[in-house]
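Subject: Structure handover

Hello,

Please find the structure below. My notes on what was found in it follow.

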Amino acid sequence: MPPETPRPENFEELRFRPSEPRIATTAELKRVKLGRHAEIGPRCVLREVTVGDFSYFERGGEAVYTSIGKFCSIAANVRINALAHPMERLTTHKISYRPNEYFRWLPVDQSVIDRRKDDAVTIGHDVWIGHAVVIMPGVFIGNGAVIGAGAVVTRDVAPFTVVAGVPAQPIKPRFAEPIATRIAALAWWDWPPETLYDAIPDMQALPIEAFLDKWEGRQPFLPSTTTK
Ligand SMILES: CC(C)(COP(=O)(O)OP(=O)(O)OC[C@H]1O[C@@H](n2cnc3c(N)ncnc32)[C@H](O)[C@@H]1OP(=O)(O)O)[C@@H](O)C(=O)NCCC(=O)NCCS
């Protein structure tokens with residue numbers, strides 16, 4: 001900064017980039033809530049979805065009736081909540097539940113919509129979802145889980161578990177149990193931006209145990225009421 005430039009009152013805030021969500025112009029969003037720094041890539045289609053702070057969708061992602069925590073990384077072409085058609089009826093085609101698209105006077109069948117809403121998907125914090133994963137209705141994915149590329153997730157995924165395959169099966173824990181428990185208790189995803197800023201060099205440099213040893217002792221953190 002040149003010496004003649006007056007120091008702005010909010011000088012400290014210059015560490016932070018604007019926190020507004022970034023939405024690609026080709027993305028289609030209906031009834032979506034986006035957190036700070038959330039990012040929605042090109043050609044994503046999201047309906048009735050909540051996306052937590054810092055979580056991002058790469059290109060071509062789709063989600064409906066889904067709640068996503070903070071710091072989730074969602075690779076390209078992921079489909080979250082592949083909705084069910086009514087298999088018990090004469091036809092699975094939407095003519096039975098969206099007849100309004102073809103005929104006048106026949107309304108949408110609300111029972112099918114309600115059934116889908118009841119089968120929402122919930123995804124925790126810091127979940128990494130690999131390329132082209134499909135997540136089926138009603139699934140719950142715990143904090144810190146990893147879903148391998150190409151998986152079809154039909155059952156709940158436990159926190160800090162790596163799953164892969166069709167149907168997805170656990171292939172290993174992401175961390176040994178005591179480490180996972182300590183990370184869950186740290187709940188770093190709730191830290192305010194000031195704390196995250198200070199912790200990033202340690203995230204890069206320290207092995208996970210040393211990171212926990214150092215940062216577990218630092219609470220309480222700054223209040224998380226900041227709007228940055
Ligand atoms: C799941 C994943 C994270 C595991 O990585 P890893 O810890 O290095 O695992 P490994 O390569 O040691 O594989 C462990 C086992 O799981 C299997 N495996 C790994 N990924 C798999 C996948 N996506 N589907 C099916 N099986 C898989 C391996 O074949 C191996 O099996 P084996 O023990 O019988 O040989 C990784 O394979 C993956 O899928 N990453 C997603 C990449 C991606 O989509 N990136 C997009 C950009 S965000």
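A crossing of two helices is called left-handed if the near helix is turned anticlockwise from the far one by less than a right angle, and right-handed if clockwise. Helices (H or I, at least four residues) and strands (E, at least two) are DSSP runs, numbered from the N terminus.

Two remarks on the source come before the findings. This is a predicted model, in which local features need pLDDT of at least 70 and side-chain atom pairs count only at pLDDT 80 or more, while totals for chains, interfaces and linings use all residues. Residues are numbered from 1 along each chain as its sequence is written.

Helices

Helix 3 (residues 193-205) passes helix 4 in a right-handed crossing. The two pack at an angle of about 155°, with axes 9 Å apart (axes are lines fitted to C-alpha atoms, for helices over the stretch in contact, and angles run from 0 to 180 degrees between N-to-C directions). Helix 3 and helix 4 are therefore roughly antiparallel, the word used for angles over 145 degrees. A199, D202 and M203 of helix 3 make the contact with F211, K214 and W215 of helix 4; residues are in contact if their C-beta atoms, placed from the backbone, lie within 7 Å. Four of these residues are nonpolar, none polar and two charged (Ala, Val, Leu, Ile, Met, Phe, Trp, Tyr, Cys and Pro count as nonpolar, Asp, Glu, Lys and Arg as charged, and the others, Gly among them, as polar).

Helix 2 (residues 177-186) and helix 4 have axes that come within 11 Å and cross at roughly 35°, and this crossing is left-handed. I179, R182 and L186 in helix 2 meet I208, E209, L212, W215 and E216 in helix 4. That contact has five nonpolar, no polar and three charged residues.

An open sheet of eight strands has the order 1-3-5-7-10-13-15-16, with mixed pairing; strands pair if DSSP finds at least two bridges between them. Strand 1 (22-23) and strand 16 (169-173) stand at the edges with a single partner strand each, so one side of each has no neighbour in the sheet. Strand 7 (residues 73-74) runs parallel to strand 10 (residues 128-129), joined by two bridges, and I74 has I129 as its bridge partner.

Ligand

Among the residues that surround the ligand are S73, H131, V146 and I171, where near means a C-beta atom, placed from the backbone, within 6 Å. The shell has six nonpolar, six polar and no charged residues.

Regards

Conventions
Parallel < 35°, antiparallel > 145°, perpendicular 65-115°, else oblique. Contact = placed C-beta atoms within 7 Å.
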